[in-house]
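Hello,

I am passing a structure on to you, and I hope you will enjoy looking through it. Please open it first; my notes follow below.

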Amino acid sequence: MTFARKFLAVVAAVGVVGMALAPAVSAQTVVGVTATEIKIGNTNPYSGPASAYGTIGKVIGAYFKKVNDEGGINGRKINYITYDDGYAPPKTVEMVRKLVEADQVALLFQTLGTPPNSAIHKYMNQQKVPHLFVATGATKWNDPKNFPWTMGFQPNYQTEGRVYAADVLKNHPNAKVGILYQNDDYGKDYLKGFEDGMGEAGKKLIVMKQSYEVTDPTIDSQIVNLKNSGATVFFNITIPKFAVQAIKKAHDIGWKPVHYLNNVSSSLATVLKPAGLEASKGLITALYMKEVTDPQWRNDKGFTDWVAFMKKYYPEGALDDQANAYGYNVAILMTIVLKQAGNDPSRENLMKQAASLKNVELPLLLPGIKVNTSPTDFAPIEQEQLARFNGEKWELYGDMFDAFRKN
Amino acid sequence: MEVFIQQVVSGLATGGIYAALALALVMIYQATDVVNFAQGEMAMFATYICWSMLNAGVPYWGAFLGTLVLAFLGGIVVERVVIRPVENAPILSIVIVTLGLLVIFNSVAGWIWTYVQKPFPSPFPSKPLKAGNVFFSAHDIGEIVVTLLVLLCIWLFFKFTPLGLAMRAAAHNPVSSRLVGIRVGWMLALGWGLAAVFGAVAGMMIAPVLTLEPNLMGGVQIYAFAGATLGGFTSPGGAVLGGFIVGVVENLVGTYVSFIGTELKFTVALAMIIVVLLVKPTGLFGISVVKRV
Amino acid sequence: MMSRGTRLVVVLLALAVACALPFTLSNFRLFQFTQVYIYAIAILGLNMLTGYNGQFSLGHGAFYAIGAYISAIMMDRWNVHYGWTIPVAGVLCLVVGFLFGLPALRLEGLYLALATFSLALAVPQILKYFEHWTGGSQGLVLSKPSAPFGLPLNPDQWLYFVTLAVLVVLFWLGANLLRGRVGRAIVAIRDNHIAAEAMGVNSALYKSLTFGVSAAYTGVAGALSASAIAYVAPDSFNVFLSITLLIGSVIGGLASISGAIFGAFFIQFVPNWAQDISKAAPWAIFGVFLIVFMYVMPFGIAGAIRLLWIRARRSRVAQVPESRETAPTQAPTSS
């Protein structure tokens, strides 16, 4: 078979050339940065069942456009490349490899979702590419020792769970607690934080845990069971769609527990109003951002700036969607890191700058909440404030909870 | 006992949601022999149209009727424009086309109306009703009544109108139907139109409970399939009953079988359907079509 | 139809190109091609069942998930070499598929499709339930295998060759199976099971065996994907995976071996093109692609190529089935 021999020769030849070329690529020092541009990569679910989050990727793009219109950062424009991963980890791996290997981005920013980020966690750290401010509330992103290239952003769900547990132990030490949680990483993280926070007392106080799947149409049955368990405190770990149902159903069947609602569903316009303001009265949540549909912020500078920005750069985005405020905040944080990096936009320095943020304030964070990081602390926002709904707005109460200080 | 009754009642309410969409699925299967995976998304889209009208100030029942008319026309247009060209293609090719429609409707709805969930009004009073210690909402009852009314309409339509008869004939035996002068193509379009109407009714009954968003129907359609499979795809009444059974059984399993709990209740409901199918391969009330080979 | 000789040339040429790719493409592209091969194996499995045997399955994502998790758990919990996990995943999926195929015998068409759909829905939930083994919703993070014996290949190149080798073996086995006596029996059952039984074909046995083999192929693909992605989680195996596999098999061409490869290319690359066109509504573009493909090629890509080939040769008139009843497929012979 002459064909086979020729073929092998070609294969061998191409192989030798390929291997000779390989080291040349990695020897390049400042990947993804030129004198006029810095490339930032992102993945978001623009399609599929989690597409509601896709607006975060879009609002970030809109903010970077604003930055570019105003001249960019340190003379460089941001080239923001975002791909759709449909919230499917295999697709995230593919798209992130495309960003890192083909598009050669300087860093990865705000990739969304715990499972998608878990899939690329190791890869990013092997490649030594900054994996900054990931959009998930899991705890594992704060692990600078083992994963020095990955950093979280928002307060993690476990911390928030502990905030509620502390409040329960303090104000309702003899309560019977019922919990409803979404059966996935998000729900289980909240649950773990809460149970850890309750400690030994939890074993006695927590009388019932009910789960639901994100594909379930309703959660009526779970609410009925929780009521029947005799629970006097209800910890509600649900996304907005189910939070509306839970608040409504509890009200309809005459169950009036002390109701802790996770931050994820704290929106006035999309959760509390649809559920009924009367039924929502007395809800307790932990906040770290200004809730954009809460009337108390109507004349706040951070809020009005955000509205002006939305109208100009992202007019199709919804003004009652907290996700758009979230994306705005985190995009601003990113630009702060870029500014700090100054004339050294190497990956090492970008990571170093991200890990040395000191008391940074963002326009839509609650007053008093500041971003802080250090080489041993990769959790930028660790403060939260409890708030109670008074039928009209969220009323802040109690001390500011600071996970970093307490640990 | 009280819990049991409360669980059954809420199971019926949830089952009513499944039943409403299951009817639309069965309708189109009856009329065209196709399973339309885009049925739920078409219903969601119609509900958004209704929402837009309400938002523009149209009174509820005006918007309701307007939506039904638009859904009917929309269903016909979809059949004529999208399904017609693949009418004679293999059945799975048609299924792929309906999957294409599914993603289009879902994506376009998100694009037009964003993914922010919107409250949708119910035509029924919002005050919860109470019988003894068992609570239920007026909307749940209203929704079940509406579903049963739609079922009655379908039954009357197929049983007593010549048009219904022609539609059934066109679906069962297109060739002979054509020979006796039935315009088979238009019968199929009519089937799509009517299914879209029933879907729209379902959407407008479901949205007040689940709040309106582009993924409103994702989960519901899965359960509607389960209900229709259980009851039989050839029987509208069976499909409705199937929806109710799935709703109630799932609740009871989740409540009373502790090692399954809420984490596996859907799996158990699915397993139950498979078991039923093994005994009755065409569902509880389905008729197996006798084919000449 | 293509003659044996032409077919051999085409296959060898394709294989030569496939072997040269690792030395010409970037690692990222290689990874994409590895994905294509994995999908192709899974789709061939589905094709055997749905295309050749006429049993509709909307649940092959379940077998893909089972294969992936078997491989992942063996690697993660018992440190088994990945090479061993692939055949184990295949065998276990064969058993699971065969067992599922037995009751499925009683179901036809739509009802079978929906029963398998239930399986696809239930598997992620079950995976989350057995958290101790599966890591629950957090999933399992794995390591990417590297080349053994000091071969001068990077992990992407190595994995590509492993996948290609598995693909070649499975396609060769599949082609022999489907073109031989067994294949004729399988197709005969699809076309007319009563006549097939009258000719002495044990319909029940063949149908459940086809189910088993089909599941085994898809399971092997899943096991390969666990190593390629180096991560498994319930979110990777949702309902859309099953639907995607079905789309691949129909778009590629049912009852066609080469169709599995075309379909795999479609489901790997077309969604990417869709999002390049529009980020605002990538699914809408993908949906339009699906519909247009079905208009232009109602019998899939393989079917269209076959028609073109026939027209070009003008030696025979294209046979297109007309009745819907027997029409999940085109003519049983295939390229």
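**The sheet in chain A**

Strand S3 (residues 107-109) of chain A pairs with S4(A) in the parallel sense, over two bridges. Within S4(A), A:Leu132 stands opposite A:Phe109. Please keep in mind as you read that this is a predicted model.

As background, strands of a sheet pair through backbone hydrogen bonds, in either a parallel or an antiparallel way.

**The two domains of chain A**

Where the two meet, 10 residues of domain 1 of chain A are in contact with 12 residues of domain 2 of chain A. The side that domain 1 of chain A brings to this meeting has four nonpolar residues, five polar and one charged.

**Chain B as a whole**

Chain B has 11 helices and two strands. Along the sequence, they follow the pattern α-α-α-α-β-β-α-α-α-α-α-α-α. The radius of gyration of chain B is 19 Å, close to the 19 Å that the globule rule gives for 293 residues, so chain B is as compact as a globular protein of that length. Its C-alpha trace spans about 60 × 50 × 35 Å along the principal axes of chain B.

Of the 293 residues in chain B, 58% count as buried. If you look at the contacts in chain B with a separation of 6 or more, residues 24 or more positions apart account for 72% of them.

**A helix to look at in chain B**

Helix H2 (residues 39-55) of chain B has 17 residues, and the distance from its first C-alpha to its last is 24 Å, close to the 24 Å expected at 1.5 Å a residue. How many of the residues of H2(B) are buried? The count is 12 of the 17, so H2(B) is largely enclosed by the rest of the structure. Among the buried ones are B:Met42, B:Met44, B:Phe45, B:Tyr48 and B:Trp51. The buried residues of H2(B) pack against H1, helix H3 (60-83), H4, H8 and H9 of chain B. Just after H2(B), B:Gly57 takes a positive phi of about 100°.

**Where chain B touches chain A**

Between these two chains, 34 residues of chain B are in contact with 33 residues of chain A. On the chain B side, at least two residues each come from helix H1 (2-32), helix H4 (91-113), strand S2 (134-137), helix H8 (184-210), helix H9 (216-231) and helix H10 (236-256). H1(B) gives the largest share of that side, eight residues. By class, the side of chain B that touches chain A has 14 nonpolar, 18 polar and two charged residues.

Chain C has 14 helices and two strands. Its radius of gyration is 20 Å, close to the 20 Å that the globule rule gives for 335 residues, so chain C is as compact as a globular protein of that length. The C-alpha trace of chain C spans about 55 × 45 × 45 Å along its principal axes, and 56% of the 335 residues of chain C count as buried.

One helix to find here is H3 (residues 60-78) of chain C: its 19 residues should span 27 Å at 1.5 Å a residue, and its end C-alpha atoms are 27 Å apart, which agrees. In H3(C), 15 of the 19 residues are buried, so this helix is largely enclosed by the rest of the structure. Just after H3(C) comes C:Asn79, with a positive phi of about 55°.

Finally, 41 residues of chain C are in contact with 39 residues of chain B. Helix H5 (109-129), helix H11 (239-252) and helix H13 (282-296) of chain C each supply at least two residues of the chain C side. Which helix gives the largest share of that side? H5(C) does, with 11 residues. The side of chain C that touches chain B divides into 31 nonpolar, five polar and five charged residues.

Best wishes

Notes
Residues are numbered from 1 along each chain as its sequence is written. Chains are lettered from A and ligands numbered from 1 in the order in which they are written. This is a predicted model: local features need pLDDT of at least 70, side-chain atom pairs count only at pLDDT 80 or more; totals for chains, interfaces and linings use all residues. Two residues are in contact if their C-beta atoms, placed from the backbone, lie within 7 Å. Helices (H or I, at least four residues) and strands (E, at least two) are DSSP runs, numbered from the N terminus. Ala, Val, Leu, Ile, Met, Phe, Trp, Tyr, Cys and Pro count as nonpolar, Asp, Glu, Lys and Arg as charged, and the others, Gly among them, as polar. The radius of gyration is taken over C-alpha atoms; the globule rule is 2.2 Å times the number of residues to the power 0.38. A residue is buried if 20 or more other C-beta atoms lie within 10 Å of its own, exposed if 12 or fewer, and partly exposed in between; C-beta atoms are placed from the backbone. The expected span of a helix is 1.5 Å times one less than its number of residues. Two strands pair if DSSP finds at least two bridges between them.
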